[in-house]
Amino acid sequence: MCGIVGYIGYREAYPIVIKGLQRLEYRGYDSAGIALYDGTNIKLSKTKGKVSDLKNKLEDEISTSGSLGIGHTRWATHGVPNDVNSHPHYSNSGDLVIIHNGIIENYDALKKELSKRGYTFKSDTDTEVLINLIEDVKKNEDTKLGKAVQIALNQVVGAYAIAVFDKNKPNEIVVARLGSPLAIGIGEDEFFIASDASPFIEYTKNAIYLEDEEMAIIRRNKGVKVRKIKDDALVDPYMQELQLNLEQIEKGGFDHFMLKEIYEQPEAIRDTFRGRLLTNQAIIKMAGVEDNMKKFLAADRIIIVACGTSWHAGLVAEYIFEDLARIPVEVEYASEFRYRNPVITGNDIVIAISQSGETADTLAAIKLAKSKGAFVFGVCNVVGSSIARETNAGAYTHAGPEIGVASTKAFTTQITVLSLMALRLARAKGTITSSEFRHHLIELETIPAKVEEALKSDGYVQTIADIYKHATNFLYLGRGFNFPVALEGALKLKEISYIHAEGYPAAEMKHGPIALIDEQMPVVVIATKKGHYEKVVSNIQEIKSRKGKIIGIVTKGDKSVKELADHVIEVPETLECFSPLLTTIPLQLLSYHIAVMLDKNVDQPRNLAKSVTVE
Ligand code: F6R
């Protein structure tokens with residue numbers, strides 16, 4: 001889960017590559033590096049730290065000319081983050097240069113073999129092994145770079161998106177992909193390479209996304225040739241027209257992407273509805289569901305696989321599907337499911353949820369489910385992502401690019417898509433009446449405006465953040481549809497402020513966590529009207545009697561919780577099943593403001609990366 005960028009054409013490569021790396025920093029940011037080639041000299045610079053550190057180092061250190069360049073922003077897997085382990089890596093001769101996103105699993109055996117043949121290694125990385133393997137093949141087989149890359153990759157086990165160039169071939173870059181994304185931007189007499197299209201969006205709207213086990217030889221002034229890595233077959237690649245625009249990937253006046261994305265939620269949810277929620281006609285249109293309705297209606301159960309925040313959205317969906325459509329649902333961590341030898345039949349439907357569409361564990365869970373005959377439906381945000389392509393059918397969330405590492409609008413738009421699906425299936429199965437169905441549609445349509453209203457609590461949430469920013473532990477409690485929101489609120493706080501936080505179903509508190517409560521412990525309790533309200537109020541009383549500090553998330557106009565809690569944050573009233581779309585808003589804001597007040601890097605929290613393409 002690193003970011004790779006490359007350019008070959010007639011412009012200076014440096015500004016394109018460095019800006020591209022900044023856009024891809026969400027993928028990893030513990031070190032960065034760049035190699036530029038002007039046809040005579042290769043200039044390579046790399047450093048531990050951010051792309052801004054690289055920029056400072058580079059502009060002092062070397063000239064930045066050259067119309068061929070590759071760059072890398074790293075999230076360390078093999079070898080600690082330091083200058084030496086940063087990419088790009090040279091081969092032993094100094095002729096070949098590589099950047100790599102992924103993991104070469106059999107690198108150790110390959111390294112031993114190459115060492116016997118006299119190769120030496122400066123870094124601890126699997127990538128340096130790969131570039132020397134390519135060099136070894138190139139020498140032994142007396143072949144060109146493209147062929148050497150192909151032969152070497154056929155000896156490799158693992159995942160990769162790579163870009164390689166050869167000092168003796170100044171007009172060529174070779175790229176390849178297996179399990180890690182790689183897009184090639186096609187301009188006029190110039191070509192771009194990147195882990196996603198954001199680095200080249202201002203230069204071209206035309207892109208080829210390499211499929212797994214494909215490689216491409218990109219030649220200046222000549223074009224792109226795509227081949228299968230295994231059997232060398234030529235591929236006629238599909239050229240996509242990109243929908244992304246520059247504005248979508250910039251901060252637009254907000255201090256952080258996370259805050260921008262929190263505020264984008266009303267519009268993002270509207271975009272998720274567009275063309276699907278037709279309230280006037282009392283219908284929901286979802287092609288992926290419609291086309292496979294027979295399978296959905298015949299399904300014995302739905303298994304949801306996902307990781308992190310997407311898993312939390314899956315848990316909300318469990319409550320919604322079971323309540324509305326009466327289909328049994330199981331929600332699984334993709335990372336556990338894939339190794340558990342699960343019982344799956346052809347009558348199961350697996351729904352895979354992923355913002356990035358690249359999460360390695362979710363991808364592996366999908367492959368396993370498919371191999372056992374299940375029909376797999378994807379809920380992804382990134383169009384054309386690996387998961388979107390691997391699933392049998394699916395629905396995009398249309399949230400727009402999510403750059404902040406902490407997921408916000410992805411969560412609410414995933415819940416929106418899953419709610420639409422549950423309602424459509426409920427209608428088809430007859431588990432809700434037509435008037436209930438219409439009522440749900442009308443209410444769902446009001447959600448974006450209600451999210452806007454919930455966002456108005458921002459000022460008060462800041463005041464609360466200021467009071468509790470130095471707490472070392474937080475508890476988050478919720479019940480029913482809002483239990484997963486408690487988990488999500490705790491995750492948001494942990495990942496960006498590094499404060500320890502736990503989410504629990506409110507009633508479970510008595511079975512252990514209550515021992516933690518004292519006057520130092522802030523407890524965030526989601527206590528909206530309906531759905532176990534009285535029970536949650538009793539839980540609040542229990543916290544109060546142990547002197548815990550209570551931050552209640554309540555329905556507008558609430559009286560009972562107000563009397564007990566230290567603070568209450570109001571959200572508009574809605575149907576219980578849609579309440580997670582509102583209750584999650586103040587929790588996102590709370591974690592955001594605490595992290596900002598603690599001076600943490602909100603958009604790039606330590607140790608994390610936006611898309612987890614390693615297991
Ligand atoms: C948390 C977060 C992660 C992701 C998880 C899955 O804020 O962003 O927990 O939700 O890594 O990622 P996707 O949805 O891309 O599969």
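The following dialogue shows how to read several features of this predicted model.

Trainee: Which domains does the protein chain have?

Mentor: Domain bounds come from an automatic or database domain assignment. Here the assignment gives domain 1 (3-247), domain 2 (257-451) and domain 3 (456-615). The centres of domain 1 and domain 2, taken over C-alpha atoms, are 34 Å apart. Contact means heavy atoms within 4.5 Å; by that criterion, 10 residues of domain 1 touch eight residues of domain 2.

Trainee: In what order do the strands of the open sheet of seven strands stand?

Mentor: Helices (H or I, at least four residues) and strands (E, at least two) are DSSP runs, numbered from the N terminus. Two strands pair if DSSP finds at least two bridges between them. The order in this sheet is β5-β6-β7-β8-β12-β13-β14, and the pairing is antiparallel. Because β5 (89-90) and β14 (234-235) each have a single partner strand, one side of each lacks a neighbour in the sheet.

Trainee: How many bridges join β12 and β13?

Mentor: Six bridges link β12 (residues 214-219) to β13 (residues 223-228) in the antiparallel sense. Alanine 216 has valine 226 as its bridge partner, and isoleucine 218 stands opposite valine 224. The hairpin of these strands has three residues between them, and asparagine 221 takes a positive phi near 65° there.

Trainee: Which strands does helix α5 lie across?

Mentor: Axes are lines fitted to C-alpha atoms, for helices over the stretch in contact, and angles run from 0 to 180 degrees between N-to-C directions. Helix α5 (residues 145-153) lies across β6 (96-104), β7 (158-166), β8 (172-178), β12 and β13, and runs at about 160° to β7.

Trainee: How is the open sheet of five strands arranged?

Mentor: Its order is β19-β18-β20-β21-β22, with parallel pairing. The edge strands, β19 (329-333) and β22 (393-396), each pair on one side only. On average, neighbouring strands of this sheet are turned by 20° against each other, direction ignored. Strand β18 (residues 301-306) runs parallel to β20 (residues 348-354), joined by five bridges, and arginine 301 stands opposite aspartate 348. Helix α12 (residues 360-371) packs on the sheet, touching β18, β20 and β21 (375-380), at about 165° to β20. Helix α14 also packs on the sheet, touching β20, β21 and β22, at about 155° to β20.

Trainee: Why is helix α1 described as largely enclosed?

Mentor: Buried means under 20% relative accessible area, exposed over 50%, and partly exposed in between (1.4 Å probe, protein chains only). Helix α1 (residues 13-23) is largely enclosed by the rest of the structure because eight of its 11 residues are buried. Among them are Tyr14, Ile18 and Arg23.

Trainee: Which residues have the most contacts inside the largest nonpolar core?

Mentor: In soluble globular proteins, nonpolar side chains tend to be buried together. A nonpolar core is a set of buried Ala, Val, Leu, Ile, Met, Phe, Trp, Tyr and Cys residues joined through side-chain atoms within 4.5 Å. The largest one here has 90 residues, and those with the most contacts inside it are Phe321, Ile351, Phe377, Met421, Phe474 and Tyr476. Helix α14 (residues 409-429) supplies the largest share of this core, 10 residues. Domain 2 and domain 3 each contribute at least three residues to this core.

Trainee: How many disulfides does the structure hold?

Mentor: A disulfide is a covalent bond between the sulfur atoms of two cysteines. The criterion is a pair of cysteine sulfur atoms within 2.5 Å, and the structure holds zero disulfides. For cysteine 2, the nearest cysteine sulfur is that of cysteine 307, 18 Å away. Cysteine 2 is buried, with a relative accessible area of 6%.

How values were computed: Residues numbered from 1 in each chain as written. Predicted model: local features only at pLDDT ≥ 70, side-chain atom pairs only at ≥ 80, totals over all residues. Heavy atoms only, no water.
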